[in-house]
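User: I'm new to this one and would like to work through it with a few questions. Please put the sequence and the model up first.

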Amino acid sequence: MKIETKNVKFGDCNLIIGDNENLLVDCGSANQNKEMNLNSSGFAFSKIEDDIKCNRIDNLMISHFHTDHFNGILKIPDSYKFKNIYLPYSIVEGKSIYTKDIAVLLAIAPKNSWGFKLSKKIVELFRKLPKITGNIKFLKRKDSVEFDGKELKILWPEIEYVCKKMSSIWETQNDFYDIDMSQNLIESINDFEDAFNNYLFHISNLQEENNSEHTVEQRILNGDNNIIFRFERSFGDLIGNRETYKEINYSSYYGKIIKRYYYQRYNSLITTMNSISLVSACEDKFIFLGDVPPNVIEYISHDFEKCYKVVKIQHHATARYYTKYTPNGETYIFSNAGYKNRKIDSRFFDKCNRVICTQKGYHIHSCNKYDLICGCHKKCLNCSVYSCC
C-alpha cells in the first residue's frame, strides 16, 4: 500500500493506492494556476485528471466541507462513478448542524465574501455527489469501512462532543428574526434549511447497494423525486429573493449589524466544519487527521497507535493546530504552500523522521508525475511523493 500526495499547494489531495482498490482523500486547493488559466477548482482537479481519465480512483473520502479540501471534486465529470463516497456525519435529530449557517450566509453575506462563496460551493458539492456514486456514507466515531481487505477505522467525528464544544459559539449568535429582513427572505431561509436537511437526511438513510447500477440521485428520484426538486427549488428561491431584497449598505448602521451577524455565521460554519472532520486510520499504516482542532486530537489520542508509517497532519501543519498529542509517524504529510503567512510550525518536525510537503511549488508534467518534496527542512529529503505504508 502506498500514498501519493498530489501537489495542490495550500489544500489537500492524497491518493491511497492499495493492491485491489484506491481511495482518494480530499481534492481541493486554495490556489490558482494563472499560467494555465486555472482557478482553484480547476487547479486541484488537474492533479487527478489523468487518474479520472484512466478510471483509477475507486472510492472518495471528503474529510470536511472547506473548499481547499473539495473544490476539485466539482470538476469531475458526471459520467464518472465512484463505488463509495465517504462524508463526515453531522445530523442531530434529523437536522445537520451546518445547514442554518449556510442558509443565512446565502441570504445576507456579500457575494464577494468568503461566507457566501463557501456556502454556495457546499451546495454545489451536494448537488454533484449524488450524480457520481451509487453509495454515500456519512461516517462517525466507532464506524469502520473495508478498504483493500483491511479495516479503515473512523476515529472522528463524535457529534455529541462537537455540539457541546460549539454550544458557546451558537449561543452568542443573534437570531435572524431580530434583523430587519423581508418576510419572503426569512421564509426562503427557513424553507431552504428545511429542504437541505431533508435532502441530507434522506441520503444518509439510503441502504447500501453493492455494485449498484443506479446513482444516489437516480435512487432518490425512483423513491421520491420531490426531495431533490424541493432542494433545488428552495435554493433557487433563496437566491432569487436575495436578488429582490433591498441592496445592503454594509457601511451604514443597519449594514454593520448585518455584517457582524454574517461574520458570526461564517465563523460558526468554519469552526463547525473543522470540528466534524473525518479522522480515519488503518492499523499502524496511516492516519488522516483532516482539519480537526487540537482539543479533538487530545480527546481521541488514546485511540492512536504508538507510531504510524504515515500521518497526514491536520490543517496544513500551521501553528494554531499544533498539539503535543499529534500522533507519531515515520512520515508526515504537510500540504502547505502558496501563502507566506500560513507557514509550517517547526514543532511538527520533532515528531517524525521524514516529511513530504508541497512548499516548493508545482510543476505539471505530461507523464503526470508530481513535484518532489522541497528540502525545506533537514527531514524534508529530495525523494518521491510516494510514501509507503
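This is a predicted model: local features need pLDDT of at least 70, side-chain atom pairs count only at pLDDT 80 or more; totals for chains, interfaces and linings use all residues.

User: What separates Phe192 and Phe196 along helix α7?
Analyst: Helices here are DSSP runs of H or I with at least four residues, strands are runs of E with at least two, and both are numbered from the N terminus. Phe192 and Phe196 are four residues apart in α7, so what lies between them is about one helical turn.

User: How far does α7 reach from its first C-alpha to its last?
Analyst: Helix α7 covers residues 183-204, which makes 22 residues. The expected span of a helix is 1.5 Å times one less than its number of residues. For α7 the expected value is 32 Å, and the helix comes close to that with a reach of 32 Å.

User: How many aromatic pairs does the structure hold?
Analyst: Rings of Phe, Tyr and Trp (its six-membered ring) pair if their centres lie within 6.5 Å; planes under 30 degrees apart are stacked, over 60 edge-to-face, and the rest tilted. Going by that, the number of aromatic pairs in the structure is 18.

User: What kind of pair do Phe126 and Phe196 make?
Analyst: Their ring centres are 5.8 Å apart and their planes meet at 70°, so this pair is edge-to-face. The two come from distant parts of the chain, 70 residues apart, with Phe126 in helix α5 (residues 114-128) and Phe196 in α7. Phe126 is buried, as is Phe196. So, with planes at 70°, the pair of Phe126 and Phe196 is edge-to-face.

User: And what kind of pair do Phe192 and Phe196 make?
Analyst: Here the ring centres are 5.5 Å apart. The planes sit at 40°, so this pair is tilted.

User: Which residues do ring pairs link into a cluster?
Analyst: Phe126, Phe192 and Phe196 are among them.

User: Which ring does the charged end of Lys140 sit over?
Analyst: A charge sits over a ring if NZ of Lys or CZ of Arg is within 6 Å of the ring centre and within 35 degrees of the ring normal. One case is Lys117, whose charged end is over the ring of Trp114, 5.8 Å from its centre. For Lys140 the distance to the ring centre is 4.9 Å, and the ring is that of Tyr89.

User: Why is strand β5 largely enclosed by the rest of the structure?
Analyst: In a regular strand the side chains alternate between the two faces of the sheet. In β5 (residues 84-88), Asn84, Tyr86 and Pro88 point one way, while Ile85 and Leu87 point the other. The strand is largely enclosed because five of its five residues are buried.

User: Which residue of β8 is the bridge partner of Leu87?
Analyst: Two strands pair if DSSP finds at least two bridges between them. Strand β4 (residues 59-61) runs parallel to β5 with three bridges, and Asn59 stands opposite Asn84. Four bridges join β5 to β8 (residues 136-139), again parallel. In β8, Leu87 is partnered by Phe138.

User: What is the relative accessible area of Leu152?
Analyst: Leu152 lies in strand β10 (residues 150-156). Contact means heavy atoms within 4.5 Å, and beyond four places away in sequence Leu152 touches residues including Leu23, Met61 and Phe286. Leu152 is buried, with a relative accessible area of 1%.

User: What average pLDDT does the protein chain have?
Analyst: Over residues 361-375 the pLDDT is below 50. Across the chain, 86% of the residues score at least 70, and the average is 87.

Notes:
Residues are numbered from 1 along each chain as its sequence is written. Side-chain values use heavy atoms; hydrogens and water are left out. Buried means under 20% relative accessible area, exposed over 50%, partly exposed in between (1.4 Å probe, protein chains only). pLDDT is the predictor's confidence in each residue, from 0 to 100.
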